Structure formats: structure tokens, C-alpha cells
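Here is a briefing on how protein chains can sit against one another.

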Amino acid sequence: MPFIMSRVNIKIAKNKELMLKKRLGLAIANVPGKSEEVLMVGFQDNYPLYLRGNGNEPLAYIEVSIFGTESHIGYEGLNTAITKAFYDILGIHPDHLYIK
Amino acid sequence: MPFIMSRVNIKIAKNKELMLKKRLGLAIANVPGKSEEVLMVGFQDNYPLYLRGNGNEPLAYIEVSIFGTESHIGYEGLNTAITKAFYDILGIHPDHLYIK
Amino acid sequence: MPFIMSRVNIKIAKNKELMLKKRLGLAIANVPGKSEEVLMVGFQDNYPLYLRGNGNEPLAYIEVSIFGTESHIGYEGLNTAITKAFYDILGIHPDHLYIK
């Protein structure tokens with residue numbers, strides 16, 4: 001069961017949360033054998049974050065846990081897809097988003 | 001020091017939080033040498049979670065960290081006890097609860 | 001990119017959050033090659049925590065992630081500096097603060 005837990009320092013409206021959830025369900029399919037059918041996602045908004053001492057711009061901190069994969073195949077595609085989803089839906093710039 | 005940090009997508013009333021805290025204190029004793037006396041627990045309720053794209057049912061995501069044990073003895077009992085506590089107290093079904 | 005994510009069971013006023021953020025930016029410099037310029041920090045206050053079954057005193061649970069270091073040089077200084085920052089600014093006693 002993979003998990004994607006997101007924290008952002010801005011508000012996530014419910015409709016955008018649902019859009020993000022859907023996009024993350026598609027993103028996980030970059031990893032062989034994974035899909036939304038085995039994914040748990042969580043969101044925390046209005047979470048105070050600071051990057052380089054600055055908390056004034058939209059920021060995201062995202063924890064991704066993937067188990068049961070023998071290789072890292074698809075991880076780069078997953079990272080790219082997550083980054084793009086948060087940019088498209090919340091306007092968070094790729095260099096203001098970090099994935100652990 | 002072991003830690004059990006819980007996130008659920010429903011409200012946890014204070015009295016249920018105290019019941020859960022007590023049950024987790026008992027659950028940790030499944031691991032040799034551990035007890036509530038060396039345990040830190042935390043709760044986050046009303047946390048948006050989605051499993052298989054669906055966020056309408058009660059869900060829980062629980063992070064357990066145990067340090068200083070040389071084996072995994074008692075982990076299965078701990079998992080079972082945590083799962084049962086959240087079912088008994090919050091009504092979260094075992095297949096809607098994930099432990100990392 | 002190192003991350004320091006804090007959870008405390010008390011309220012963090014905005015001015016104290018900014019003080020903590022600044023202190024954590026100094027603390028990370030204990031690790032060679034790290035500084036606030038490559039640090040992301042986050043704060044969650046009013047987070048229910050229990051230590052040894054007791055949730056009545058100020059408590060903190062802090063997750064520190066450091067990547068790209070080949071040794072653990074500076075980790076002890078970092079831990080000490082984090083612990084001191086939370087004591088100085090929020091009054092959380094060192095034995096009520098845990099760093100993962």
C-alpha cells in the first residue's frame with residue numbers, strides 16, 4: 001500500500017482537494033503494479049511551512065511511501081507527476097515543493 | 001522511545017481520545033521492554049484521507065516508530081491491538097486502517 | 001534538503017513561530033554543509049500529544065530529516081540546539097521533547 005501525504009501552507013478548497021486526489025491516483029500508476037486502487041492519500045492545508053526562512057510563498061512538503069517494489073522504476077515519473085499536479089491545481093512552483 | 005502517531009478522517013471526541021491513548025499504552029506492551037511509560041502518542045482528527053479514491057468512510061493512517069528493539073517480536077500483536085482499539089472506539093474497519 | 005517538522009500540544013503564537021523558525025535555521029548549521037538556505041521547516045500546534053499517558057504538560061514531537069550527509073557529524077549539536085530553542089521560546093522541558 002503506497003501512501004502520499006501532503007502538507008501545504010495555503011488553503012486547499014474541497015474541489016481542488018478532489019482534483020489533487022484524482023491526479024495523485026493517476027501519478028502512482030507510474031510505478032509498476034501500483035494504482036489508485038492500492039493508494040492512500042492525505043492532505044493538510046494551512047500548515048505553516050518555511051523554505052530558506054521564507055513562508056510567504058505557496059509551499060508544499062509531500063511524503064511518499066512505497067512498499068513492495070524491488071526497484072525504483074517509475075519513481076522519477078511519479079515525482080514529476082506529483083510536482084505537476086500541485087503546480088496545475090494549486091499553483092505551487094516546482095522549486096517550492098519538496099518530496100520526501 | 002516508541003511513538004504512535006494517528007491520523008483519522010473523522011472527529012475524535014476528547015473522551016474517545018483518552019480511551020484510545022489508554023488502549024495504545026496497553027498495545028505497546030506487546031513489544032518486549034516497552035510500555036506506556038516510554039510511549040509518546042499523538043492524534044490528528046478531521047484529517048482528509050482517501051483510500052482507493054474514496055474518502056466517504058472512516059479511515060485511519062497510523063505511523064508507528066519503535067527504536068531499540070533487536071527483533072520484531074510482538075509487532076504482530078501490537079498491530080492487532082492498535083487495529084482493534086480503533087475499531088472498538090472509533091468504528092474504523094480493519095481494512096480501512098493502515099499502519100506504517 | 002533537510003526538513004524539521006514540529007508538533008507541539010500547545011499554541012504557538014505567530015511571533016514565537018518566527019523565532020523558532022529563525023533558531024532552527026541557526027541550529028541546522030551544526031551539520032556541515034547545511035544552513036537555513038537549504039532548510040524547510042513546518043509547525044503544527046495544538047496537536048494532542050501524550051507522554052507516559054499524560055497530556056497535561058507542554059510536549060513536542062519533532063521529525064528531523066537530513067539527506068546527503070555521509071556521517072552524523074553535527075547531529076548532537078543540532079539536537080541540543082533544537083531542544084534549547086523549544087525550551088527558550090515555548091518553555092517545553094528537554095525531557096518533554098522528542099526528536100525522531
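Contact means heavy atoms within 4.5 Å. The model is predicted. By that cut-off, the contact between chain C and chain B takes 15 residues from chain C and 20 residues from chain B. Strands also pair across chain boundaries, as with β2 of chain B and β3(C).

**Where chain C meets chain B**

- Chain C and chain B bury about 1,500 Å² between them. Of that area, 56% is on carbon and sulfur atoms.
- How many salt bridges are there between chain C and chain B? The count is 0.
- Polar contacts do occur here: 8 residue pairs of chain C and chain B make them, with both residues at pLDDT 80 or more.
- On the side of chain C that touches chain B, the elements giving two or more residues are β3 (49-51) and β4 (60-65) of chain C.
- Which element gives the most to that side of chain C? It is β3(C), with 3 residues.
- Sorted by class, that side of chain C has 9 nonpolar, 3 polar and 3 charged residues.

- Strand β2 (residues 40-44) of chain B pairs with β3(C). The two strands are antiparallel, with 3 bridges.
- Within this pairing, B:Met40 stands opposite C:Leu51.

**Where chain B meets chain A**

- Here 15 residues come from chain B and 20 residues from chain A.
- The area buried between chain B and chain A is about 1,500 Å². Carbon and sulfur atoms carry 56% of it.
- Chain B and chain A have 0 salt bridges between them. They have 8 residue pairs in polar contact, both residues being at pLDDT 80 or more.
- The side of chain B that touches chain A draws two or more residues from each of β3 (49-51) and β4 (60-65) of chain B. The most come from β3(B), with 3 residues.
- By class, that side of chain B holds 9 nonpolar, 3 polar and 3 charged residues.

- Strand β2 (residues 40-44) of chain A runs antiparallel to β3(B), and 3 bridges join them.
- A:Met40 stands opposite B:Leu51 in β3(B).

**A sheet built from chains A and C**

- Strands of a sheet pair through backbone hydrogen bonds, either parallel or antiparallel.
- What is the order of the 5 strands in this open sheet? It reads β3(A)-β2(C)-β1(C)-β4(C)-β5(C), and the pairing is mixed.
- Why is one side of β3 (49-51) of chain A and of β5 (97-99) of chain C left without a neighbour in the sheet? Each of these strands stands at an edge and has a single partner strand, so one of its sides has no neighbour there.
- Neighbouring strands of this sheet are turned by 10 degrees against each other on average, direction ignored.
- Inside the sheet, strand β1 (residues 3-8) of chain C pairs with β4(C) in the antiparallel sense over 6 bridges. C:Val8 stands opposite C:Ala60 in β4(C).

**Helices on the sheet**

- Helix α1 (residues 14-27) of chain C lies across β3 of chain A as well as β1 and β2 (40-44) of chain C. This helix runs at about 145 degrees to β2(C).
- Helix α2 (residues 75-90) of chain C packs on the sheet and touches β1, β2, β4 and β5 of chain C. The direction of α2 makes about 150 degrees with that of β5(C).

Definitions and conventions:
Residues are numbered from 1 along each chain as its sequence is written. Chains are lettered from A and ligands numbered from 1 in the order in which they are written. This is a predicted model: local features need pLDDT of at least 70, side-chain atom pairs count only at pLDDT 80 or more; totals for chains, interfaces and linings use all residues. Side-chain values use heavy atoms; hydrogens and water are left out. Buried area is the accessible area (1.4 Å probe) that two parts lose on being put together, summed over both. A salt bridge is a side-chain nitrogen of Lys or Arg within 4 Å of a carboxyl oxygen of Asp or Glu. A polar contact is a pair of N or O atoms within 3.5 Å; within protein, one must be able to donate a hydrogen and the other to accept it, and residues adjacent in sequence count only if both atoms are side-chain atoms. Helices (H or I, at least four residues) and strands (E, at least two) are DSSP runs, numbered from the N terminus. Ala, Val, Leu, Ile, Met, Phe, Trp, Tyr, Cys and Pro count as nonpolar, Asp, Glu, Lys and Arg as charged, and the others, Gly among them, as polar. Two strands pair if DSSP finds at least two bridges between them. Axes are lines fitted to C-alpha atoms, for helices over the stretch in contact, and angles run from 0 to 180 degrees between N-to-C directions.
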